[in-house]
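Please look over the sequence and the fold shown below before reading on.

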Amino acid sequence: MLTWQQARENVIEVVRARMSRRGRGHVRLDRALGRVLAQPVTADRDQPAFPRSIRDGYAVRAADTAMLPAEFEIVAEIKAGSAFHGVISSGQAARIMTGAPVPAGADAVVMVEYTHPLSETRVAVERSVTPGQHIVDRGTEARAGQTLLDPGRRIGFGELALLAEVGCAQVRVFRQQRVAVLSTGDEIIPVDREPGPYQIRDTNSLSLSAQVSLAGARPVLIRRAQDESAELGERIREGLAADVLVLSGGVSKGKYDLVEAVLSDLGAEFYFDAVAIRPGRPAVFGWCAGKPVFGLPGNPVSTMVTFELLVTPALDLLSGAEPRPLPLASAKLSVPLDEKEGLTHFLPAHIDWKESGAEARPVRWRGSGDLAGMAQANGFLVVPADRPRWQQGEQIQVLLRRDLL
Ligand code: AMP
Ligand code: MG
């Protein structure tokens with residue numbers, strides 16, 4: 001059985017090798033959050049385009065502040081968006097605002113806090129400045145034509161701001177991946193239906209769609225399939241119209257776990273059908289009709305964990321980006337642990353971000369169907385297969401819930 005790291009590597013390798021050429025198109029910048037750049041981004045002009053004051057104060061010659069206090073004649077006032085076209089000579093100052101261009105002759109800005117007015121036209125300076133202080137020179141952030149972002153970069157809020165700065169109102173991105181989400185199981189009913197005594201509401205369609213969206217792809221909901229080969233086959237075919245198919249349920253060894261068999265009949269090739277983890281052991285990864293297919297175990301927490309470990313990197317690659325790293329961190333364990341050897345356990349946990357560092361404790365839960373327990377967790381303790389026993393106070397790895405970061 002593969003370890004989760006091997007399974008994840010396997011997904012990455014297979015998707016890299018087998019994915020077809022990705023489509024591209026333009027989107028408006030205000031709709032580009034989470035998309036992946038399909039073009040390089042270059043500076044359209046020097047940044048900043050002029051020597052910019054980064055403080056409110058007085059633009060002066062730094063040398064004039066060597067002896068304190070120093071007095072200056074105020075010869076101009078420069079607001080952001082305007083300029084003074086004269087030259088500041090020795091003994092002169094321009095009142096200047098943050099974001100305004102520093103005039104010729106001046107080489108530093110004294111913060112207004114270190115000055116006091118003597119009259120309308122004279123100011124006293126109480127602190128020295130050094131040449132260049134509080135000024136960002138033209139072109140020091142970026143030169144016109146310089147590449148600022150390469151294709152394959154995911155667009156977050158910082159990248160959006162940079163794209164706006166260089167005037168990229170439309171941006172070329174890779175096509176968003178459509179991910180079919182297909183829940184299986186006779187007992188599963190839609191959320192808005194009243195469950196019979198032994199039925200349960202479909203929670204995986206919701207959580208999986210959310211995980212798909214968080215990964216930057218678009219979920220496509222397929223109507224749930226009963227544990228019956230013909231119907232399951234039909235729904236799978238429907239799901240294969242999307243770029244990726246993610247199923248939940250029906251991958252264990254029960255008599256009515258039909259997903260693998262039905263996928264096989266449709267010509268699927270499988271890369272693995274088990275991973276040494278709990279929850280999530282029966283996770284399946286294969287390729288069917290040219291598309292990656294994931295069969296995730298139906299227990300809601302298993303579904304969440306296996307999606308994060310196995311599906312997210314595939315979606316990243318298919319979206320034109322490199323797989324993002326797992327949100328792993330280290331935390332001090334506040335209770336001892338004693339788990340079963342041989343499987344890596346992902347235990348729903350609460351991680352407390354204290355000033356002294358992160359502390360983690362498992363939440364009370366009744367196994368991978370326990371959503372009430374899961375909702376108390378903001379991450380998982382990662383208890384490695386070969387290290388099942390831990391003492392209180394040890395540093396242990398935690399996997400953070402991406403949706404709560
Ligand atoms: P399975 O993987 O099909 O054996 O299902 C394992 C457990 O997960 C069973 O208790 C199912 O009832 C439950 N389950 C399966 N699919 C879903 C779903 N879509 N929503 C909520 N629970 C599910
Ligand atoms: Mg089932």
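How do the residues of the lining of the largest cavity divide into nonpolar, polar and charged? They divide into two nonpolar, five polar and three charged residues. This description, like everything that follows, concerns a predicted model.

The largest cavity has a volume of about 50 Å³, and among the residues that line it are G34, R35 and V36, together with F174, R175, Q176 and Q177. R154, G216 and S319 also belong to this lining.

**The chain as a whole**

The chain contains seven helices and 28 strands. Its radius of gyration is 30 Å, whereas a compact globule of 405 residues would have one near 22 Å. Taken along the principal axes, the box filled by the C-alpha atoms of the chain is roughly 90 × 50 × 40 Å.

**A first sheet**

Strands of a sheet pair through backbone hydrogen bonds, and they may do so in a parallel or an antiparallel sense. One open sheet in this model has six strands in the order β7-β4-β6-β5-β9-β8, and its pairing is mixed. At its edges are β7, which covers residues 108–111, and β8, and each of these two strands pairs on one side only. From one strand to the next, the twist averages 40 degrees.

Strand β5 (residues 70–78) and strand β9 (residues 122–125) run antiparallel and are joined by four bridges. Along this pair, E71 has A124 of β9 as its bridge partner, while E73 stands opposite R122 in β9. Strand β9 also pairs with β8 (residues 115–117), again in the antiparallel sense, over three bridges, and here the bridge partner of P117 is V123. A hairpin through four residues leads from β8 to β9.

**A second sheet and the helices that pack on it**

Another open sheet of six strands has the order β16-β13-β17-β21-β20-β18, with mixed pairing. Strands β16 (218–225) and β18 (269–272) stand at the edges and have a single partner strand each, so one side of each is left without a neighbour in the sheet. The twist in this sheet averages 20 degrees from one strand to the next.

Within this sheet, β17 (residues 244–248) and β21 (residues 291–296) run parallel and are joined by four bridges. S248 stands opposite L296 in β21. Helix α6, made of residues 300–318, packs on the sheet and touches β13, β17, β18 and β21, and its direction makes about 170 degrees with that of β21. Helix α3 (residues 204–214) lies across β13 (178–184), β16, β17 and β21, and it runs at about 160 degrees to β13.

| Pocket | Volume | Lining residues by class |
|---|---|---|
| Largest pocket | about 400 Å³ | six nonpolar, 14 polar, five charged |
| Second largest pocket | about 330 Å³ | 12 nonpolar, three polar, four charged |

Which residues lie closest to the centre of the largest pocket? Of the 25 residues that line it, the closest to the centre are E187, I188, G249, G298 and N299. Strand β13, strand β15 (200–201) and helix α6 each supply at least two residues of this lining, so named here alongside the sheet in which β13 takes its place.The second largest pocket is lined by 19 residues, and those nearest its centre are Q211, M304, R401, R402 and D403. The elements that give two or more residues to this lining are α3, α6, α7 (371–374) and β28 (395–400). Which element gives the most to the lining of the second largest pocket? Helix α6 does, with five residues.

How values were computed: Residues numbered from 1 in each chain as written. Chains lettered and ligands numbered in written order. Predicted model: local features only at pLDDT ≥ 70, side-chain atom pairs only at ≥ 80, totals over all residues. Heavy atoms only, no water. Pairing = 2+ DSSP bridges. Axes fitted to C-alpha atoms, helices over the stretch in contact; angles between N-to-C directions. Contact = heavy atoms within 4.5 Å. 1 Å grid on protein atoms, 1.4 Å probe; cavity = no way out; pocket = protein on both sides within 12 Å on 5 of 7 lines; lining within 4 Å. Points joined across faces, edges and corners; volume = space filled by probe spheres on them. Nonpolar A, V, L, I, M, F, W, Y, C, P; charged D, E, K, R; others polar. Rg over C-alpha atoms; globule rule 2.2 N^0.38 Å.
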